Amino acid sequence: MSDSGANDENGRTEDVDDSGRSPSIDRRKFIATTAAVGVAGVAGCNSSDGDEEETTEPSGDDTDDSTETEMTEEETTSEPSVSGEVTIVHDTHVHGSYGDLEGQVNVATYFQLMNQIADGAENSIKVGSGDDLASSVLSAQFDGKHITDAFNAGGLAFDTFGNHDFDMGPDVTRDRIADSEFQWVSANVRDTEAGDVFGAEQGASRYELVELGGVTVGLTGIINVAAPTITSMGETTEVPGLDDPVSETVSDMQDDGADLVVVMSHVAAENARELAENVDGIDAIVGDHAATFSEEAEVVNDTVLSFVGDEYEYVGELTLTVEDGERTDHSLTAHETASAVESGDVEPHPEVQEVAQGYEEQLSEQLDTVIGETTVPLDARESVVREEEANIGNYITDALRARGDTDVAIQNGGGIRTDTRYPEGDVTKRLVYSLLPFGNNLVTVEVSGETLLEVLELGSMSGGGFLQISGMSYTYDPEADQGDRIVEAQVGGEALDPEATYTMATNNFTATGGDGYTMLQDATRIIDANEGELLSVIVANSVEAEGTISPEVEGRITTE
């Protein structure tokens with residue numbers, strides 16, 4: 001797989017169309033060609049294949065030789081003058097959502113705005129920043145294909161990986177790469193088994209080069225280094241840091257002729273600033289993992305950083321000016337989608353809207369049916385499920401424990417979404433799938449009491465790894481250090497026995513070490529992820545079987 005951009009047979013970088021892709025090269029043919037010829041040939045580097053014609057220097061007197069030598073030295077030392085403007089039109093991260101298709105801010109209005117901005121700039125390219133395939137109820141149903149289809153229709157040129165792009169597992173991510181007409185790039189997501197960028201076989205690359213108005217732009221991407229811990233990347237996928245892989249990629253892009261280096265970022269703003277400080281040669285970093293928004297670009301170590309929030313609220317228009325081969329200026333405009341629609345300047349993109357409506361219709365047919373009712377509000381607010389016992393957490397873990405026929409069950413609070421307190425009333429499949437959107441499967445394991453205590457120690461820490469539990473209870477000291485937090489714990493009404501063996505139900509994310517639960521990685525499997533049902537299906541079936549539910553907070557988790 002090539003790490004370079006689109007070049008003709010003579011090694012020249014070709015012009016691209018308004019989607020950022022060479023109009024004369026089909027993407028699939030381009031990928032096959034670059035995989036066959038390698039980096040040097042595609043990037044225009046000279047390589048010897050043994051077929052070059054031999055040349056003989058012309059004979060002449062000393063004066064002729066001297067003149068030739070001087071001209072050669074002058075030609076060698078002179079640098080070509082590269083000047084122009086390049087506009088990076090960048091999205092945020094959409095988390096598998098389409099937005100409100102009945103309102104102003106959604107995938108269709110967003111892509112129309114992106115295209116209008118790109119069309120209004122002389123040399124532009126449209127890029128993403130990852131976290132697009134998941135997590136949403138649509139993602140749980142369609143494994144992110146609803147996003148790649150919409151992005152294909154909208155004409156995105158490049159995207160990179162975010163942690164949520166692996167929520168359905170690495171095999172699904174590879175399928176989505178193969179579906180994409182846009183190009184996936186990443187400097188720091190590696191397939192250790194293949195020894196290449198993740199998804200290379202499906203068409204992903206470490207970087208690409210495109211020529212925009214005579215300026216050669218190198219594009220790559222980065223993922224947050226915690227991704228292997230917080231999502232399901234698989235055993236052969238790694239993220240070997242930030243600085244070293246980016247530094248190496250920047251150097252390779254520059255060697256291949258990049259005049260500008262742009263990094264599509266799925267790391268938090270503070271990490272992007274550190275990267276810019278530590279690695280020279282990056283002209284721009286666009287995008288953010290943590291939804292940072294800034295109307296003005298920042299400059300760190302001569303690197304321009306652009307953060308425009310998340311989902312469909314803003315489109316970033318970052319223009320970089322190059323004079324004599326050096327970036328000399330920049331400007332950023334953050335376009336608000338709602339304002340653009342309200343002013344009448346933007347209508348929904350027709351092709352994107354058609355894709356989105358088609359998927360929403362399919363979803364409605366499947367999910368907008370009432371499966372039961374709740375007599376009490378269901379509390380899925382992040383401030384609750386990630387900090388304390390929640391009635392919805394109790395219901396979910398009870399359903400998992402019953403389905404797995406285990407002693408106890410755990411569910412990480414970060415896996416319960418929507419950040420909403422639902423009133424009493426009807427419960428639909430859509431509500432359940434929204435609460436549990438990640439496509440995780442039931443896993444049951446055997447653990448020692450000692451390991452279970454270790455799990456509770458970690459599970460009492462606030463954040464996405466905070467555990468909702470069933471079949472047990474515990475009291476903890478929130479001021480104590482991890483390892484000394486659990487004051488007492490019970491399983492089935494009896495004191496937890498460190499020497500005993502217990503069966504546990506959980507999801508494949510925590511069972512494989514997600515959120516730091518590495519102590520479960522080697523636990524003996526009773527039901528593994530390939531055999532277990534989707535959590536959302538288990539909970540929906542439980543609601544449907546009961547008809548009426550009334551989950552309560554029962555004192556399973558208390559503080560000293």
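This is a predicted model: local features need pLDDT of at least 70, side-chain atom pairs count only at pLDDT 80 or more; totals for chains, interfaces and linings use all residues.
Residues are numbered from 1 along each chain as its sequence is written, and side-chain values use heavy atoms, with hydrogens and water left out.

Let me begin with the inside. A nonpolar core here is a set of buried Ala, Val, Leu, Ile, Met, Phe, Trp, Tyr and Cys residues joined through side-chain atoms within 4.5 Å, where buried means under 20% relative accessible area, exposed means over 50%, and partly exposed lies in between, with a 1.4 Å probe and protein chains only. The largest such core has 47 residues, and Tyr98, Val107, Phe161 and Ile223 are those with the most contacts inside it. The largest share, 8 residues, comes from H3. There is also a second, separate core of 28 residues, and Leu467, Met472, Val491 and Tyr502 are among them.

Now look at Leu156, in the loop between H5 and strand E3 (158-159). Is Leu156 buried or exposed? Leu156 is buried, because its relative accessible area is 4%. Leu156 and Val89 are 67 residues apart in sequence, while their C-alpha atoms are 9.7 Å apart in space.

Let us turn to the backbone. Most residues other than glycine have a negative phi, and most peptide bonds are trans. Against that background, the peptide bond from Ala134 to Ser135 is cis, with omega near 15 degrees, and Ser135 is found in the loop between strand E2 (124-127) and H4. Asn301 has a positive phi, near 55 degrees, and lies in the loop between strand E12 (298-300) and strand E13 (303-306). With a relative accessible area of 33%, Asn301 is partly exposed. Thr418 also has a positive phi, near 90 degrees, in the loop between strand E18 (408-412) and strand E19 (421-422), and at 30% relative accessibility Thr418 counts as partly exposed.

Finally, Asp329 sits in strand E15 (residues 326-336), and because its relative accessible area is 44%, Asp329 is partly exposed.

Technical notes
Helices (H or I, at least four residues) and strands (E, at least two) are DSSP runs, numbered from the N terminus.
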